[in-house]
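Thank you for asking for a note on this structure.

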Amino acid sequence: MTDTLPTEQAPALADFSSFNLHSLLGQALAKNGFEKPTQVQQRAIPTILARQNLLVSAKTGSGKTLAFLLPTLHHLLVNANYYAGTRALVLVPTRELGQQIYLQCQQLLEGSPLKAGLITGGEDFKKQQTLLRRNTAVIIATPGRLLELLTLDVAPFENLETLILDEADRMLDMGFSEDVLTIAKHCNEQRQSLLFSATLTHAGVLKMADKLLKRFELIALNTLRDELPHIAQQIVLTDDTAHKQKVLAWLLENETYTKAIVFSNSRLQASALCDPLRDKGLRAIVLHGEMDQKERQRVMKLFRDGVVNILVATDLAARGLDIKEINLVINFEVPRNGINYLHRIGRTGRSDETGLTITLVKHTEWNLMASIERFLRQNFIRRKIDELAGKFQGPKKLKASGKTVGGKKKVEAKKEKAPKVKVRHRDQKNIGKRRVPKAKAPEA
Ligand code: AMP
């Protein structure tokens with residue numbers, strides 16, 4: 001996964017002609033009066049043309065349909081193959097959305113031999129079956145009906161080149177998760193996959209992306225504030241791990257919360273954090289990926305039932321965790337990237353309850369924290385705890401990106417200054433060493 005820079009970095013919107021799309025598409029755009037690409041089109045089209053997998057958060061009405069249709073159809077048109085079965089599949093949550101995309105697709109393919117087809121519930125089953133058998137290049141479908149057709153012995157997607165999931169969050173909310181995964185299993189494994197969602201903070205969407213896209217580029221068009229207006233984001237600057245431990249205990253003793261999760265980047269750290277908290281009388285328990293299933297379930301039950309109210313967990317363990325009343329999330333370490341950050345904070349503020357997220361940041365984590373802020377287009381609130389004020393107050397000089405000035409150079413300079421260890425020539429190999437004969441196996 002690569003975190004793409006936020007949109008304020010994007011250059012001024014270019015013209016559709018800068019994408020060098022197939023002439024038929026250019027004509028269709030001109031005919032329909034589309035002149036300049038919208039933000040999502042500007043950012044997604046080059047990545048899709050480069051045949052990369054992509055996860056995009058963009059709201060309805062942002063122009064996302066053309067953002068995936070234009071590069072996908074371009075690819076089909078320039079690599080003409082009219083007998084390859086279905087080459088692009090768009091899955092949508094509703095008939096209405098399917099209909100809209102189908103119409104837009106037909107407009108774009110006007111004058112081309114490539115055909116598009118729509119498969120949704122409530123329409124003629126036999127006709128749809130024929131669509132799948134007749135080399136229909138682009139199929140737009142709702143998952144339920146498509147799956148019904150796939151159970152009949154057709155294998156229309158073995159040459160599929162692009163799979164698109166539109167409004168993935170809605171599809172999951174409507175209970176299509178399993179259907180979508182089953183359909184994906186029918187598709188060519190070498191395909192490109194594109195996932196569009198109104199939000200990235202839907203835990204199911206990130207899970208689906210991990211399963212279907214594996215490696216992917218990410219374009220986040222919503223700010224974190226758009227996504228999670230009800231969750232406050234704070235950071236506390238800290239000096240080192242020992243200082244972090246004190247701050248953590250203080251927060252857990254002084255904040256108001258029903259349930260809290262403390263995230264750590266490693267299993268060892270998570271285990272090490274738990275005992276000192278318990279010694280202070282806090283009701284904490286640890287959860288990590290190497291615990292067996294039974295043990296995990298026991299821990300989850302204790303947390304769910306409120307017997308313990310603090311869960312110290314690693315990222316892996318906490319994925320997909322859906323527990324009510326978690327209103328405090330503390331990142332003991334800065335997560336490794338923006339997506340992990342979203343995964344973590346998505347544990348709180350469920351169903352629009354309010355929540356608070358606090359990240360403990362030491363100087364070596366500053367730049368990572370700054371890149372997450374930039375990625376999510378949000379400045380976290382700096383919070384000071386007077387009783388535990390540390391020495392680290394943030395870097396003295398910052399780049400426009402929010403990162404430390406000269407941070408890298410300093411690290412490199414340190415590396416250069418590492419004391420030289422004299423290596424003698426004869427120590428480098430076995431030079432000058434006596435050969436010791438291998439011990440003989442004892443005779444039977
Ligand atoms: P969508 O988000 O794909 O549902 O698109 C919302 C509306 O924006 C649709 O009516 C599109 O026809 C329109 N639209 C999409 N791209 C552009 C563009 N580049 N310029 C003007 N209108 C657009």
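The numbered points below go from the whole chain to its strands, then to single residues and the ligand.

1. Overall composition. The model is a predicted one. The protein contains 18 helices and 15 strands. Of its 444 residues, 52% are buried.

2. Contacts along the chain. Among contacts in the protein with a separation of 6 or more, 76% join residues 24 or more positions apart.

3. The open sheet. Seven strands form an open sheet with parallel pairing, in the order β11-β12-β10-β13-β14-β9-β15. Its edge strands are β11 (284–287) and β15 (381–382), and each of them pairs on one side only. The pairing of β15 with strand β9 (residues 231–237) is parallel and rests on two bridges. Within this pair, Gln 234 has Ile 381 of β15 as its bridge partner.

4. Strand β7. Is strand β7 enclosed or open to the outside? All six of the six residues of β7 (residues 192–197) are buried, so the strand is largely enclosed by the rest of the structure. In a regular strand, side chains alternate between the two faces of the sheet. Both faces of β7 are covered. Gln 192, Leu 194 and Phe 196 are buried on one side, and Ser 193, Leu 195 and Ser 197 are buried on the other.

5. The partners of β7. Strand β2 runs parallel to β7 and is joined to it by four bridges. In this pairing, Leu 55 stands opposite Leu 195 of β7. Strand β6 (residues 162–165) is also parallel to β7, again with four bridges. Here, Ile 164 stands opposite Leu 194 of β7.

6. Ser 57. This residue belongs to strand β2 (residues 54–57). Ser 57 counts as buried because its relative accessibility is 0%, and the cut-off for a buried residue is under 20%.

7. Phe 16. Where in the chain is Phe 16 placed? Phe 16 is found in the loop between β1 (2–3) and α1 (23–31). Phe 16 is buried because its relative accessible area is 7%. Although Phe 16 and Lys 36 are 20 residues apart along the chain, 5.9 Å separates their C-alpha atoms.

8. Residues with a positive phi. Most residues other than glycine have a negative phi. Arg 51 is not a glycine, yet its phi is positive, near 65°. Arg 51 lies in the loop between α2 (39–49) and β2, and is partly exposed at 29% relative accessibility. Asn 135, also not a glycine, has a positive phi of about 50°. Asn 135 lies in the loop between α5 (125–133) and β5 (138–141), and is partly exposed with a relative accessible area of 30%.

9. The shell around the ligand. Around the ligand there are 13 residues, of which Lys 36, Gln 41, Gly 61, Gly 63 and Thr 65 come nearest. Four residues of the shell are nonpolar, seven are polar and two are charged. Helix α3 (residues 64–78) contributes three residues, the largest share of the shell.

10. A polar backbone atom of Lys 36 is 2.8 Å from a nitrogen atom of the ligand. For Gly 63, a backbone N or O atom lies 2.8 Å from a ligand oxygen atom. Thr 65 places a polar side-chain atom 2.6 Å from an oxygen atom of the ligand. On its own the ligand has 490 Å² of accessible area, and the protein covers 68% of it.

Terms used. Residues are numbered from 1 along each chain as its sequence is written. This is a predicted model: local features need pLDDT of at least 70, side-chain atom pairs count only at pLDDT 80 or more; totals for chains, interfaces and linings use all residues. Side-chain values use heavy atoms; hydrogens and water are left out. A residue is near a molecule or strand if one of its heavy atoms lies within 4 Å of it. A polar contact is a pair of N or O atoms within 3.5 Å; within protein, one must be able to donate a hydrogen and the other to accept it, and residues adjacent in sequence count only if both atoms are side-chain atoms. Accessible areas come from the Shrake-Rupley method with a 1.4 Å probe; for residues, only the protein chains shown count as cover. Ala, Val, Leu, Ile, Met, Phe, Trp, Tyr, Cys and Pro count as nonpolar, Asp, Glu, Lys and Arg as charged, and the others, Gly among them, as polar. Two strands pair if DSSP finds at least two bridges between them. Buried means under 20% relative accessible area, exposed over 50%, partly exposed in between (1.4 Å probe, protein chains only). Contact means heavy atoms within 4.5 Å.
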